[in-house]
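Please read it alongside the sequence and the model.

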Amino acid sequence: MGASESRDPGRVRGMFDRIAGRYDLLNHLLSLNRDRAWRRAAAEEATAGPDGPVLDLCGGTGDQSLALVRRSPSALVVCCDFSHRMLDRATRKFEGAGQAGRCLVVEGDGLRLPFADATFAAVTVAFGVRNLADMDRGFREMRRVLVDGGRLVVLEFSRPTGPLFGRLYRAYLGRVLPRIGDGVSGASGPYRYLARTIADFPDAETLAGRLRESGFAACGWRLLTGGVVAVHTAIR
Ligand SMILES: C[S@@+](CC[C@H](N)C(=O)[O-])C[C@H]1O[C@@H](n2cnc3c(N)ncnc32)[C@H](O)[C@@H]1O
């Protein structure tokens with residue numbers, strides 16, 4: 001399956017609908033629970049700018065939205081995703097956490113956001129931009145819905161910096177992650193797609209360049225866990 005074919009929106013939506021039930025468990029397992037600290041770091045960056053509502057785009061099962069409201073108790077977060085099943089999990093999670101009043105769920109496409117210009121003080125995208133059929137168009141949509149001075153925070157996989165750690169990580173991505181993913185999710189294929197999109201994803205410097213080309217300013221990043229992920233920040 002070629003990269004553009006594999007990012008076909010219908011295919012991507014169907015894939016996340018299929019793995020929604022085991023998605024959280026696999027996130028914690030495959031990241032050795034580091035995902036919680038990564039989300040806290042992204043929430044910290046997102047709440048460092050102007051006050052106002054936050055869009056958690058490609059919000060999935062809602063963990064980044066919860067990290068945002070926990071970080072900033074007065075924040076109102078809109079968790080937007082195009083997978084109905086992922087959002088079902090998010091809705092139940094927000095209710096269970098007593099946060100349904102502050103975490104709103106909206107089914108929508110990141111390439112055609114159902115929000116007016118300048119609606120949000122911040123936009124977060126955790127492990128989402130990798131899956132967009134047209135990432136640059138997604139960035140332009142994120143910019144459109146941000147207020148002037150609003151912050152974009154992109155949490156994504158990146159490239160480990162140490163040579164030995166890099167080799168081990170690539171072996172983990174190629175051989176271990178797809179097997180555990182397939183075994184635990186019970187779906188053959190999705191975790192191979194996820195491993196491939198992680199391995200193919202541009203490094204932090206290239207991604208920052210794409211954000212600049214999409215009209216963002218002050219594009220920077222911080223590597224976490226030896227470069228396994230990067231928290232990118234940019235200003236509209
Ligand atoms: C790897 S999951 C990340 C979920 C969540 N942000 C997290 O950190 O766990 C990627 C999510 O992006 C969503 N997604 C992919 N393309 C999208 C699009 N064009 N519009 C809205 N959501 C999209 C998928 O449905 C999926 O829930």
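Leaving aside its neighbours within four places in sequence, which residues is Ser72 in contact with? They are Thr47 and Arg102. The model is a predicted one. Ser72 sits in the loop that runs between helix 4 and strand 2 (77–81), and with a relative accessible area of 18% Ser72 is buried, because the cut-off for buried is under 20%.

**Helix 3 on its own**

- Helix 3 consists of 13 residues. From its first C-alpha to its last, helix 3 reaches 19 Å, close to the 18 Å expected at 1.5 Å a residue.
- Asp35, Ala37, Trp38, Arg39, Ala41, Ala42, Ala43 and Ala46 are the buried residues of helix 3.
- Those buried residues pack against two helices, helix 2 and helix 4. They also pack against strand 4 (120–126), strand 5 (146–157), strand 6 (217–224) and strand 7 (229–235).

**Helix 3 with helix 4**

- Helix 3 (residues 34–46) and helix 4 (residues 63–71) have axes that come within 9 Å and cross at roughly 55°. Helix 3 is therefore oblique to helix 4.
- The crossing in which helix 3 passes helix 4 is right-handed.
- On the helix 3 side, the contact is made by Arg39, Ala42, Ala43, Glu44 and Ala46. On the helix 4 side, Asp63, Gln64, Ala67, Leu68 and Arg71 take part.
- Sorted by class, the residues of this contact between helix 3 and helix 4 are 5 nonpolar, 1 polar and 4 charged.
- Arg39, Ala42, Ala43 and Ala46 are among the buried residues of helix 3, and these four also belong to the contact with helix 4.

**Helix 2 with helix 8**

- Helix 2 (residues 9–30) packs with helix 8 (residues 190–200) at an angle of about 75°, and their axes are 10 Å apart. The angle makes helix 2 roughly perpendicular to helix 8, because 65 to 115 degrees counts as roughly perpendicular.
- Helix 2 brings Val12, Met15, Phe16, Arg18, Ile19, Tyr23, Leu26 and Leu30 to the contact. Helix 8 brings Pro190, Tyr191, Tyr193 and Leu194.
- The contact of helix 2 with helix 8 has 11 nonpolar residues, no polar residues and 1 charged residue.

**Helix 6 with helix 9**

- The axes of helix 6 (residues 135–145) and helix 9 (residues 204–213) cross at roughly 55° and come within 9 Å. Helix 6 is therefore oblique to helix 9.
- Helix 6 passes helix 9 in a right-handed crossing.
- Met135, Asp136 and Phe139 of helix 6 meet Leu207, Arg210 and Leu211 of helix 9.
- This contact of helix 6 with helix 9 is made up of 4 nonpolar, no polar and 2 charged residues.

- Val231 belongs to strand 7 and counts as buried, with 1% relative accessibility.
- Not counting residues up to four places away in sequence, Val231 touches Ala41, Ala42, Glu45, Val153, Val154, Leu155, Gly220, Trp221, Arg222 and Leu224.
- Among these, Gly220 is 11 residues from Val231 along the chain, with a C-alpha separation of 8.5 Å.
- Ala234 is also found in strand 7, and Ala234 is buried at a relative accessible area of 2%.
- With neighbours within four places in sequence left aside, the contacts of Ala234 are Gly150, Arg151, Leu152, Leu211, Phe216, Ala217, Ala218 and Cys219.
- Ala234 and Ile180 lie 54 residues apart in sequence, and their C-alpha atoms are 34 Å apart in space.

**Positive phi in loops**

- Leu32 is a residue other than glycine with a positive phi, near 50°. Leu32 is placed in the loop between helix 2 and helix 3 and counts as exposed at 71% relative accessibility.
- Thr225 is not a glycine, yet has a positive phi of about 50°. The loop between strand 6 and strand 7 holds Thr225, which is partly exposed with a relative accessible area of 33%.

Conventions
Residues are numbered from 1 along each chain as its sequence is written. This is a predicted model: local features need pLDDT of at least 70, side-chain atom pairs count only at pLDDT 80 or more; totals for chains, interfaces and linings use all residues. Side-chain values use heavy atoms; hydrogens and water are left out. Axes are lines fitted to C-alpha atoms, for helices over the stretch in contact, and angles run from 0 to 180 degrees between N-to-C directions. Angles under 35 degrees count as roughly parallel, over 145 as roughly antiparallel, 65 to 115 as roughly perpendicular and the rest as oblique. A crossing is left-handed if the near helix is turned anticlockwise from the far one by less than a right angle, and right-handed if clockwise. Contact means heavy atoms within 4.5 Å. Ala, Val, Leu, Ile, Met, Phe, Trp, Tyr, Cys and Pro count as nonpolar, Asp, Glu, Lys and Arg as charged, and the others, Gly among them, as polar. Buried means under 20% relative accessible area, exposed over 50%, partly exposed in between (1.4 Å probe, protein chains only). The expected span of a helix is 1.5 Å times one less than its number of residues.
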